[in-house]
Amino acid sequence: VPATTAAMARDKKKVNAADTAVTRDYTVNLHKRIHGVGFKYRAPRAVKELKAFATKMMKTKDVRVDQSLNKHLWSKGVRNVPYRVRVRLERRRNEDEDAAERL
């Protein structure tokens with residue numbers, strides 16, 4: 001007896017898109033995100049804005065900025081942050097058992 005589509009749909013587990021480990025490339029326009037920020041706060045604000053962008057796109061609060069990305073953001077000094085940055089965002093499984101976030 002062939003299984004009906006309703007029975008197959010009932011048996012199949014739902015996989016939430018936010019629960020899978022993914023890697024995506026983005027171009028982040030930092031220029032519009034730090035517009036109007038004072039000179040001494042531009043590079044730190046750029047890092048914060050990049051973290052906020054990653055949190056929004058990857059739907060996780062555990063965001064870590066790679067050392068090379070941080071060096072690139074600070075490469076022209078505290079005032080002259082690069083206008084655009086190409087980043088690879090990666091949502092990974094959290095191996096720590098007692099962590100709040102699974103990904």
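## Basis and overall fold

A residue is buried when its relative accessible area is under 20%, exposed when over 50%, and partly exposed in between, using a 1.4 Å probe and protein chains only. By that rule, 24% of the 103 residues of the protein chain count as buried. This is a predicted model, in which local features need pLDDT of at least 70 and side-chain atom pairs count only at pLDDT 80 or more, while totals for chains, interfaces and linings use all residues. Residues are numbered from 1 along each chain as its sequence is written, and side-chain values use heavy atoms, with hydrogens and water left out.

The protein chain has four helices and two strands. Helices (H or I, at least four residues) and strands (E, at least two) are DSSP runs, numbered from the N terminus. Read from the N terminus, the order is α-β-α-α-α-β. Contact means heavy atoms within 4.5 Å. Take the contacts between residues at least 6 apart in sequence: 70% of them join residues at least 24 apart.

## The nonpolar core

In soluble globular proteins, nonpolar side chains tend to be buried together. A nonpolar core is a set of buried Ala, Val, Leu, Ile, Met, Phe, Trp, Tyr and Cys residues joined through side-chain atoms within 4.5 Å. The largest one here has 19 residues. Leu-30, Leu-50, Leu-73, Val-87 and Leu-89 touch the most other members. Strand S1 (22-29), H3, helix H4 (67-73) and S2 each give two or more residues to this core. H3 gives the most, with seven residues.

Leu-50 shows how the parts meet. Beyond its neighbours within four places in sequence, Leu-50 is in contact with Val-28, Leu-30, Leu-69, Leu-73 and Val-87.

## One aromatic pair

Two rings of Phe, Tyr and Trp (its six-membered ring) pair if their centres lie within 6.5 Å; planes under 30 degrees apart count as stacked, over 60 as edge-to-face and the rest as tilted. The whole structure holds one such pair. Tyr-26 lies in strand S1 and Phe-53 in helix H3, so the pair ties together parts that are 27 residues apart in sequence. Both Tyr-26 and Phe-53 are buried.

## The largest pocket

Pockets and cavities are found on a 1 Å grid over the protein atoms alone. A cavity is a set of points where a 1.4 Å probe fits but cannot get out; a pocket is an open set with protein on both sides within 12 Å along at least five of seven lines. Lining residues have an atom within 4 Å of a point. Grid points are joined across faces, edges and corners, and a volume is the space filled by probe spheres set on the points.

The largest pocket has a volume of about 660 Å³. It is lined by 22 residues, of which Asp-62, Val-63, Arg-64, Glu-90 and Arg-92 are the closest to its centre. Helix H3 (42-58) and strand S2 (84-91) each supply at least two residues of the lining. S2 has the largest share, six residues. The lining divides into nine nonpolar, two polar and 11 charged residues. Here Ala, Val, Leu, Ile, Met, Phe, Trp, Tyr, Cys and Pro count as nonpolar, Asp, Glu, Lys and Arg as charged, and the others, Gly among them, as polar.

## Residues with some exposure

Arg-45 is in helix H3. It is partly exposed, with a relative accessible area of 36%. Not counting residues up to four places away in sequence, Arg-45 touches Ile-34 and Val-37. Asn-70 lies in helix H4 and is partly exposed at 32%. Asn-70 touches Val-47 and Val-65, again leaving out residues up to four places away. Its C-alpha atom is separated by 7.3 Å from that of Val-47, 23 residues apart along the chain.

Arg-84 is in strand S2 and counts as exposed, at 55% relative accessibility. Beyond four places in sequence, Arg-84 touches Thr-27, Val-28, Asn-29 and Leu-30. The C-alpha atoms of Arg-84 and Leu-30 are separated by 5.5 Å, although the two are 54 residues apart along the chain. Lys-59 sits in the loop between H3 and H4. Lys-59 is exposed, at 59% relative accessibility. Its phi is near 55°, a positive value in a residue other than glycine.
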